[in-house]
Amino acid sequence: MTVSFGWGPVEARALAPSAACVVVVDVLSFTTAVGVAVEAGAAVHPYRWRDATAVAYATAVGASLAVGRREATPEHPWTLSPAALRTAPMPPRLVLPSPNGSTIAAEAGAATVVAASLRNHSAVARWLNDHGYGSAERPLAVVAGERWPDGSLRPALEDLLGAGAVLAGLRATGAHTLTPEATAAATLWSATEDPVAALHGCDSGRELYEYGFPQDVAVAAETDTSTTVPVLVDGAFQEAP
């Protein structure tokens, strides 16, 4: 099989050694935020910890540091919120801490790393196909997943849909062999009549509503509106050449 699908950092670590490319999917909200920031011209440095070390890392790479959604100020408006990033003046470099998407990216080893969301799923699938990823010579792994506060895996519907959208795009070409797990994810995407409603109604979507950030769900639900393909280069996600 040349295209696989898995959940979380542990499976990313297991799949990465045999993959030429790892696609990270964290729809609410890391990879959606990465896409919005890269569209605006920023190089986005993923960072897996939200602690004092993030401040030191941002200083070391000469970047602004994204803070928690409720910690944003007019002087420091950058957070993991895609909606906030869309309206903020974008710095050249941004450190985006995330215990989920950033950690999966960090586990990818030497593989090419791509950030995918519902907003850019078709663009990502085209880019992967055009660059030969998902072939016998260049195997591909798509990895998604949230974690609970105790660190255990939290399979999330929004990420299954995001991964499935990319995988369905690859399957449609007829040029790739998908694992049963990847096939199941692609089939779920194809069978979902209203993915936007699913995103707003899923557990993670409802949580963001309850926290007061429904606009972040709305941005993540802008299905197939972006042609940006963020690729990790020299430690930062940048627009694919």
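Tutor: Let's go through a helix, a pocket and a few single residues.

Tutor: This is a predicted model, so local features need pLDDT of at least 70 and side-chain atom pairs count only at pLDDT 80 or more, while totals for chains, interfaces and linings use all residues. Residues are numbered from 1 along each chain as its sequence is written, and side-chain values use heavy atoms, with hydrogens and water left out.

Student: OK, helix 8 then. Which of its residues are buried?

Tutor: Ala182, Ala185, Ala186 and Trp189. Buried means under 20% relative accessible area, exposed means over 50%, and partly exposed is in between, with a 1.4 Å probe and protein chains only. Helices (H or I, at least four residues) and strands (E, at least two) are DSSP runs, numbered from the N terminus.

Student: Where do those buried residues sit around the axis of helix 8?

Tutor: They line one face of the helix, because they fall within an arc of 95 degrees seen down its axis. The arc is taken from the directions from the helix axis to the C-beta atoms. In general, an α-helix has 3.6 residues a turn, so residues three or four places apart point the same way. On the other side of helix 8, Pro180 and Ala191 are exposed.

Student: And what covers the buried residues of helix 8?

Tutor: The cover includes strand 1 (3–7), helix 6 (121–130), helix 7 (157–173) and helix 9 (195–201). Contact here means heavy atoms within 4.5 Å.

Student: Switching topic: what volume does the largest pocket have?

Tutor: About 840 Å³. Of the 31 residues that line this pocket, the closest to its centre are Arg50, Arg69, Leu80, Pro99 and Asn100. On a 1 Å grid over the protein atoms alone, a pocket is an open set of points with protein on both sides within 12 Å along at least five of seven lines, and lining residues have an atom within 4 Å of a point. The volume is the space filled by probe spheres set on the points, and grid points are joined across faces, edges and corners.

Student: Which element gives the most to that lining?

Tutor: Helix 10, with four residues. Strand 5 (93–97), strand 8 (146–147) and helix 10 (203–211) each supply at least two residues.

Student: Asp216 next. Is it buried or exposed?

Tutor: Asp216 is buried, with a relative accessible area of 0%. This residue lies in helix 11 (residues 214–220). Not counting residues up to four places away in sequence, Asp216 touches Leu28, Arg69, Ser81, Pro82, Ala83, Ala84 and Leu208.

Student: Leu28 again! What joins Leu28 and Ser29?

Tutor: A cis peptide bond, with omega about 20 degrees. Ser29 lies in the loop between strand 2 (21–25) and helix 2. Most residues other than glycine have a negative phi, and most peptide bonds are trans.

Student: How many residues of helix 2 are buried?

Tutor: Nine of the 10 residues of helix 2 (residues 30–39) are buried, so it is largely enclosed by the rest of the structure. Just after helix 2, Gly41 takes a positive phi of about 105 degrees.

Student: What about Asp234, what's its phi?

Tutor: Asp234 has a positive phi of about 55 degrees although it is not a glycine. At 75% relative accessibility, Asp234 counts as exposed, and its place is in the loop between strand 10 and strand 11 (236–239).

Terms used: 1 Å grid on protein atoms, 1.4 Å probe; cavity = no way out; pocket = protein on both sides within 12 Å on 5 of 7 lines; lining within 4 Å.
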